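Student: I would like to go through this model term by term. Please set each value against its definition.

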Amino acid sequence: MRHITPKGIDLIKRFEGFEAHIYEDAAGYPTIGYGHLLRVGEAEFFAKGISHEDAEALLIKDVQVAERAVLRSISVPLTDGQFDALVSFTFNLGSGALQRSTLRQKVNRAEHSDASIEFLRWIYAGGRKLRGLIKRRQAEIFLYLS
């Protein structure tokens, strides 16, 4: 199976940031570590927080879910930058967002220049346009086109 490169992991870590204790993300979901969305029953497990090492291990497991989603959804060859950008996008928004997106359709038609613009349609959380998501999408575009 194909994996995200260290550059892609760094992008995710930079934009997710590390939080040792449970917090609500911009969309109001309980989260910990590097953007790990808590599942039912995990709140008690993480009640005392998480170490950097455990958060990184959890990030790798979460990223693998996003990698598999990208591999299932995209049928054309991708450069490392394209793959990393799509994995970051999917990690952040979920596989459903990738699956139903015009971004996926354009990537699968190898319309890479047009596809890169589609990232900027995904800059809202909780009904609000967020500067952090704009910066993340711009970084994903840069990586996608590299």
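Tutor: From the N terminus, the elements run α-β-β-β-α-α-α-α-α-α-β-β-α. That order holds 8 helices and 5 strands. Helices (H or I, at least four residues) and strands (E, at least two) are DSSP runs, numbered from the N terminus. The model is predicted: local features need pLDDT of at least 70, side-chain atom pairs count only at pLDDT 80 or more, and totals for chains, interfaces and linings use all residues. Residues are numbered from 1 along each chain as its sequence is written, and side-chain values use heavy atoms, without hydrogens and water.

Student: What makes a set of residues a nonpolar core?

Tutor: Its members are buried Ala, Val, Leu, Ile, Met, Phe, Trp, Tyr and Cys, joined through side-chain atoms within 4.5 Å. Buried means under 20% relative accessible area (1.4 Å probe, protein chains only). The largest such core has 33 residues; V63, V70, L78, L86, V107 and F119 touch the most other members. At least two core residues come from each of α1 (6-16), α3 (52-73), α4 (80-93), α6 (102-108) and α8 (131-145).

Student: Which residues does L78 touch, not counting those up to four places away in sequence?

Tutor: L78 touches R2, V70, F83, L86, V107 and H112. Contact means heavy atoms within 4.5 Å.

Student: How much of the protein counts as buried?

Tutor: By that cut-off, 43% of the 146 residues.

Definitions and conventions. Buried < 20%, exposed > 50% of the residue type's maximum accessible area, 1.4 Å probe, protein only.
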